[in-house]
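Work through these exercises with the sequence and the 3D model open. Try each task before you read its solution.

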Amino acid sequence: MVEAVPEKFDFPNEEEKILEIWDKLDAFHTSLKQSKGRPRFAFYDGPPFATGLPHYGHILAGTIKDIVTRYAHQSGFYVDRRFGWDCHGLPVEYEIDKSLGIKGPEDVAKIGIAEYNKKCRSIVMRYAGDWEQIVKRLGRWIDFKNDYKTLYPWFMETIWWVFKQLYDKGFVYRGFKVMPFSTGCNTPLSNFESNQNYKDTVDPAVIINFPLDEDPNAMMIAWTTTPWTLPSNLGLCVNPKMLYVKVKDVTTGNIYILMEARLVALYKNEKEYDILEKFLGETLLGKTYKPLFPYFAHMKETGAFRILCDGYVTSDSGTGVVHQAPFFGADDYRVCLAAGVFEKDSTPVCPVDASGKFTEEVTDFVGQYVKDADKNICKHLKQEGRLVHQSTTKHNYPFCWRSETPLIYKAVPSWFVRVEQITDKLLENNAKSYWVPEAVKEKRFANWLRDAHDWAISRNRYWGTPIPLWVSDDYEEVVCIGSIDELAELSGIRITDLHRESVDHITIPSRMGKGVLRRVSEVFDCWFESGSMPYSQMHYPFENKKAFEEGFPADFIAEGIDQTRGWFYTLLVLSTALFGRPAFKNLIVNGLVLASDGQKMSKRKKNYPDPMKVIHSFGADALRLYLINSPVVRAENLRFQENGVRDILKDVFLPWYNAYRFLVQNILRLEKDEGVTFTYRKDDLGKSENTMDRWILSFTQSLVRYVKQEMAAYRLYTVVPRLVKFVDLLTNWYVRSNRRRLKGDFGIEDCQNALQSLFSVILTMTRVMSPFIPFLTEHMYQNLRKIMPDLQGADSASVHFLLLPDTLDSLIDEGIEEAVNRMQTVIELGRVIRDRNTMPTKYPLPELVVIHKSQKYLDDVTRLQRYVTEELNVRTVTFSSDKDKYGVQLRAEPDHMVLGKRLKGDFKKVTAEIKKLNNDQVEEFLRKGEIEILGHKLTSGDLRVILYSDEISKYSAQSDNDVLVLLDVDPNQAMRDEGVAREIVNRIQKLRKKAKLVPTDDVTVYYNATGSDGYLKSVAIKHADYISATTRSPFKPYPVLSSDVIIAESTQLKESQLDITLVRGHVESANLNEGPVCKYFNVQLHSNGLYSGPPATVLLENPRNHATMRTINDVKQFVSRVFGLDQNGSKVILTLIRDNQEIPIDMKSDPMSLDGATVLVGAANRNLNSKPSQTPPPSGIVCGYVNLQLVKGECRGAGDNVGTALLENPCASNKLTLEELQETCEVVFGHRGKKMKLSKSCDMNSELQSVDDVMSGDVIYVAA
């Protein structure tokens, strides 16, 4: 049987319990074993670095990957999911450089590459354990045991194989190229790496003069933001087709030459200069000028220090004259090379080392870091009279993504993969893949591919896969190695590790008589390694050849939008170059997760919450759903809001959980109250005649179909909004509208139909949503499966072992879905009217009128009239298509989007005329389907027709522009009274909830309504049966007749005080006015057949249900004391008269059996007469008495809050005083020594002053 479900549900804590279940089942690996032999769904997991902890970007991408791969598994595929680690490259080396204080290559040389790489290896997996723990806690199923690491020798060997394929196909070459260079990491970066970290920065902006050789008084002036490149200046460049001017500076008298369009760079107004001459830029071609510095002045003889022309010079900034430092700028390099300023194989003019410091050629600034040298260079130029103007500029500049140092552009020798020659093929393969969203593929990525440059794959570093090229000293003989075996064959040395310390010393004999070949010093860019992962993770082609080829291209990958220039790009380049195919078929691109203020998340700024803290607060399910229900899954940015995660819990999970809890409660109630054990019968689905049952089943199946359709298109972001809508419809419509059916108010059969429907819906959605919400769905499933015999096997031990349910098309009824949707519209419009008139739904209203022109619409709502009546709490519902009868009018509104685009300038005028149309004109428009306004023909798509009412008479109106509802908001007094009764019910139910009671907990409700007008009390009395039936509990006025109080509360209602007390169980009422509430019997002295003296009374219990006479001996002792006989009762005998015979009472009898009897008391040695000689005393209590009701405080002993006090005993003897009555109450209710307040009024307004005011049979109310 299902287990009861608690009201409070600690989502994070319950997720931990689910993890324990999964561990016990070894769930992930078990699911893989179960799916062996199914069709393969290939998935590639991009490798992260383990040198830092996972952030929200990793969590987001991991969630997307987990959802899609879980879904694929549950759709009938075998999905191998291996976790990968990026172990090489700058992220690792940078950490070591920081810890060891390494500033450049010379520092590495001191400790040796072997030791340096040993240090790198030691930190590679620093956070691997944390990663595994966090990924597991997020609910992601992925294989950490069978992982891949880019440092594994077999992984690196495949990289060698990949490179050799490229080399053999002619894709690899060595050359100089101006590249983004990280002085912090001493290495060039690829173009896509350099685009990853732009920042706003302030740099110097200087204008320098360059006197022409032909006329030293005329000076070219050039602008730059990189003064450090000026010592390497070898030329100037102008745009040949733009106008240039020679001007005379009014202030200094200097003559400058610059672009006419850029005079604003130096002058604020025209009065500051005189134009001497205008000419095209091509006029300046070939003119020479005086070098800025002497360091490379000798190159003037070979064509340096002259003016060049190129179209890349623009009028956007600067002076229109660009200074050329060809080995520090890509365009400079291109222009100067084409002009013969230097030869391709000549020594580069690049006086900056790998650390960004000037070398010995630049004697004035040697050893200075280039950015630090800017100010010294400017100072020098000012002293030399070459500085025209100096300022600063703020611009967006690239920084190293790892060291956070500004990049420079620098010519370096590098190994390249030719990309430009396969651009068309890259675009063709890109078109073969499917991206979500499509725009990223078609625009951002495609544009990147069109402008792709050859890829610099080498890095002048240490910790990475060595480039497997062995070369002669003059680079004329090159051998490319593609495997460990090939290296062993050519060198005679077999290695097991492929890092630099293991291969750098290996030489290969030259086949051209050049001695020995040595390996080039560079290692692969780590992006080359990650781009090779489809092949390397399987050690292809050395192993798993068939498995790889069956799973290539991958069915699915996913990463962030920043990977469009990273992993996505390298995957495509390598797969295209190797196989002429894309590396993947389907791709989800996610956006960036930013801090709540829109800034990049920063550990230093602490501007985001710790992911694990969020998980421990709200659970992984909530975080997962929040992330995928956001713009970030559409490649847009997300500002992370912790409240958003909380809202998922509040708006989605809690309502869903409560619906599940309500189902379980009523399954248990059915068994407890009706003795019927619920069993789920799938074959009976659809047999219910109830429209709402059929609707929720139909809607659920439509949702199943929709989820499958959207997941087939990898549109995760469309699924969650539909889930949210489903939860709303399930809880706020189906469960809410069918609560009474589910509770069994309409019979067992109808109850079971409703339970079958609800069970089916929750089970179906649990299975469908399990890839998205793995924990909560597992929790529900583990309980629900207990009543499903076909889900008891090991292959059904987890919801994640099950295949997704098939869509049951037979249950889909679009007509019913439309009808219910119409009913919901009517109800929602009615609620709007109630809200507008501050009329809570608890208060019944006389009439609702539904007006619509379509009889089909009205018929749809009519068949669901009962739900409209219940939800809006109206007495009658009237349906009509006669709008005139109710004073309903038509008016028209323009469709602003449609007409705005079409009418443009006339839109405002036409809109004004549309709003002037009267009811008859709008009706004419509806008949004809068109209308002409100010010469424009408008049709049905241009206008919206709206129903409205002037709200005359008793009705209040609301319309959604399709249907109009009218609500009579003037209830009569009976309706108001019923509303107040519902308010009382509401207070009771809230109190039950506060006490954490469940529906199967039986309670009795006691109430006391006090107010000056007595209105609330009269309503409570009048509607007591309704309140009792609705709460399923006895509803009784104070006093409380039980000591087992669960909870009590006072509240204000209708200007009166309502006191409510809930006690455990269904307490039968004690009628305090019909005899003693405690059991008793009368006793009469009897001797020689004659009665003597007055009779007395013995109370068997006091308070009620607390025995005072436990044995017959106790009775004998009490009787002896009452009649003044012997104290221990040994000399008396107790007898009963039966069949006119006096019979002794057995000492073993239960005293309670004497209740209501008359017992004769005589001497123990007397002879019993066969027949009494006198008539026995009359029945009923013989002594005067009062009933006691404890109304304040608790009975501290056993028994109830009611008891009895004898005013005399024996009859007419021992009259009780007020003090003795108070003492009796103290004893009865366990409050010895505490004076108790006595009153004849239950509200305790007046205290009892004397026993003389009391008559036998009265009720005395007692307050502790």
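**Exercise 1. Find what share of the chain's residues count as buried, and describe the chain as a whole.**

Step 1. Of the 1264 residues, 56% count as buried. Buried means under 20% relative accessible area, exposed over 50%, and partly exposed in between, with a 1.4 Å probe and protein chains only.

Step 2. Know your source. This is a predicted model: local features need pLDDT of at least 70, side-chain atom pairs count only at pLDDT 80 or more, and totals for chains, interfaces and linings use all residues. Residues are numbered from 1 along each chain as its sequence is written, and side-chain values use heavy atoms, leaving out hydrogens and water.

Step 3. Check the confidence. The chain averages a pLDDT (the predictor's confidence in each residue, from 0 to 100) of 89. A score of at least 70 is reached by 97% of the residues. Helix α9 (residues 191–194) has the lowest confidence, a mean of 66, while strand β7 (residues 235–238) has the highest, at 97. Where pLDDT is low, the predicted coordinates should not be read in detail.

Step 4. Count the elements. The chain has 38 helices and 47 strands. Helices (H or I, at least four residues) and strands (E, at least two) are DSSP runs, numbered from the N terminus.

Step 5. Look at the extent. The C-alpha trace spans about 160 × 90 × 65 Å along its principal axes. The chain has a radius of gyration of 47 Å, whereas a compact globule of 1264 residues would have one near 33 Å. This radius is taken over C-alpha atoms, and the globule rule is 2.2 Å times the number of residues to the power 0.38.

**Exercise 2. Describe how α3 and α21 pack.**

Step 1. Their axes are 10 Å apart, at an angle of about 90°. Axes are lines fitted to C-alpha atoms, for helices over the stretch in contact, and angles run from 0 to 180 degrees between N-to-C directions.

Step 2. The two helices are therefore roughly perpendicular. Angles under 35 degrees count as roughly parallel, over 145 as roughly antiparallel, 65 to 115 as roughly perpendicular and the rest as oblique.

Step 3. List the partners. α3 brings Tyr56, Ile59, Leu60, Thr63, Ile64, Asp66, Ile67 and Arg70, and α21 brings Leu623, Arg624, Leu627 and Ile628. Contact means heavy atoms within 4.5 Å.

Step 4. Sort them: 8 nonpolar, 1 polar and 3 charged. Ala, Val, Leu, Ile, Met, Phe, Trp, Tyr, Cys and Pro count as nonpolar, Asp, Glu, Lys and Arg as charged, and the others, Gly among them, as polar.

Step 5. Zoom in on Thr63. Thr63 counts as buried because its relative accessibility is 3%. Apart from residues up to four places away in sequence, Thr63 touches Arg624 and Ile628.

**Exercise 3. Now describe how α23 and α26 pack.**

Step 1. The axes of α23 (residues 691–712) and α26 come within 9 Å and cross at roughly 10°. So α23 is roughly parallel to α26.

Step 2. Among the contact residues are Leu697 and Val704 of α23, and Ser757 and Val761 of α26. By class, the contact has 9 nonpolar, 6 polar and 1 charged residues.

Step 3. Turn to Gln756, also in α26. Gln756 counts as buried because its relative accessibility is 5%. Beyond its neighbours within four places in sequence, Gln756 contacts Phe678, Thr679, Tyr680, Arg681 and Leu685.

**Exercise 4. Decide how many residues of α27 are buried, and what they pack against.**

Step 1. In α27 (residues 774–784), 11 of 11 residues are buried.

Step 2. These residues pack against α1, α3, α7, α21, α22 and α26.
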